[in-house]
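Here is a short briefing to read alongside the model.

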Amino acid sequence: VIYSTILRYAGFGVLEARDGQAGIELAQRDHPALILMDVSIPLVDGWEATRRLKADPKTSDIPIIALTAHALASDQEKAAEVGCDGYIPKPAEPRVVLAAVKRHLGEAEAA
């Protein structure tokens with residue numbers, strides 16, 4: 001919630017999904033410019049959700065940044081392995097998340 005609040009304040013539109021399956025469906029329907037993917041989410045975890053989104057031609061171009069409390073080097077490797085375009089270990093300073101979003105999207109995407 002803190003990250004969505006910060007992103008909205010910075011002028012970004014934010015969509016939120018309650019679980020991995022809902023996130024996949026939301027991405028397929030609305031094709032967001034970027035996805036912040038929590039790994040520890042219900043139904044379909046973030047690793048599998050990322051795999052599915054990257055395998056789908058309709059969503060494979062959406063940058064996905066893993067935002068996770070899994071902060072081991074092996075988790076960062078797994079993020080790259082499943083197709084994540086970035087990796088931010090939690091707890092992350094909101095400004096770090098905002099900077100990563102801006103870096104991936106460019107300032108022009110902000111409202």
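Contact here means heavy atoms within 4.5 Å. With that in mind, Thr68 touches Val39, Tyr87, Ile88, Pro89 and Lys90, leaving aside residues up to four places away in sequence. Please keep in mind that this is a predicted model.

- Three strands form an open sheet in the order S1-S2-S3, and their pairing is parallel.
- S1 and S3 are the edge strands, each pairing on one side only.
- From one strand to the next, the twist averages 25°.
- Between S2 and S3, the parallel pairing runs over four bridges.
- Looking across to S3, you will find Ile88 as the bridge partner of Leu67.
- H3 packs on this sheet, where it touches S1 and S2, and its direction makes about 145° with that of S1.

- Thr68 sits in strand S2.
- Is Thr68 buried or exposed? Its relative accessible area is 0%, so Thr68 is buried, the cut-off for that label being under 20%.
- Among the residues that Thr68 touches are Tyr87 and Ile88, and Ile88 is also the bridge partner of Leu67.
- Tyr87 can be located from another direction too: its C-alpha lies 9.4 Å from that of Glu77, and the two residues are ten apart in sequence.
- Glu77 belongs to helix H4 and is exposed, because its relative accessibility is 55%.

**Helix H3**

- H3 covers residues 46-55, and its buried residues are Gly46, Trp47, Ala49, Thr50, Leu53 and Lys54.
- Why do these buried residues line one face of the helix? Seen down the axis of H3, they fall within an arc of 165°, so they share one face.
- Where H3 starts, Asp45 brings a side-chain oxygen to within 3.0 Å of the backbone nitrogen of Trp47.

**Salt bridges**

- How many salt bridges are there? The count comes to eight.
- Lys54 and Asp85 form one of them through their side chains, at 2.8 Å from N to O.
- That pair links distant parts of the chain, with Lys54 in helix H3 and Asp85 in the loop between H4 and S3, 31 residues apart.
- Lys54 is among the buried residues of H3, while Asp85 counts as partly exposed because its relative accessible area is 39%.
- Arg29 and Asp30 form another salt bridge, in which the closest N and O atoms are 3.3 Å apart.
- Within this pair, Arg29 is exposed, at a relative accessible area of 60%, and Asp30 is partly exposed, at 34% relative accessibility.
- The side chains of Arg95 and Glu93 also meet in a salt bridge, with 3.6 Å from N to O.
- Arg95 is exposed at 62% relative accessibility, whereas Glu93 is partly exposed with a relative accessible area of 44%.

**Backbone features in the loops**

- Which two residues does a cis peptide bond join? They are Lys90 and Pro91, with omega at about 0°.
- Pro91 lies in the loop between strand S3 (86-89) and helix H5 (94-105).
- Lys90, the partner of Pro91 in this cis bond, is also one of the residues in contact with Thr68.
- His31 has a positive phi, near 40°, although this residue is not glycine.
- The loop between H2 and S1 is where His31 is found.
- With 36% relative accessibility, His31 counts as partly exposed, since that label covers values between the cut-offs of 20% for buried and 50% for exposed.

Methods
Residues are numbered from 1 along each chain as its sequence is written. This is a predicted model: local features need pLDDT of at least 70, side-chain atom pairs count only at pLDDT 80 or more; totals for chains, interfaces and linings use all residues. Side-chain values use heavy atoms; hydrogens and water are left out. Buried means under 20% relative accessible area, exposed over 50%, partly exposed in between (1.4 Å probe, protein chains only). Helices (H or I, at least four residues) and strands (E, at least two) are DSSP runs, numbered from the N terminus. The arc is that of the directions from the helix axis to the C-beta atoms. A polar contact is a pair of N or O atoms within 3.5 Å; within protein, one must be able to donate a hydrogen and the other to accept it, and residues adjacent in sequence count only if both atoms are side-chain atoms. A salt bridge is a side-chain nitrogen of Lys or Arg within 4 Å of a carboxyl oxygen of Asp or Glu. Two strands pair if DSSP finds at least two bridges between them. Axes are lines fitted to C-alpha atoms, for helices over the stretch in contact, and angles run from 0 to 180 degrees between N-to-C directions.
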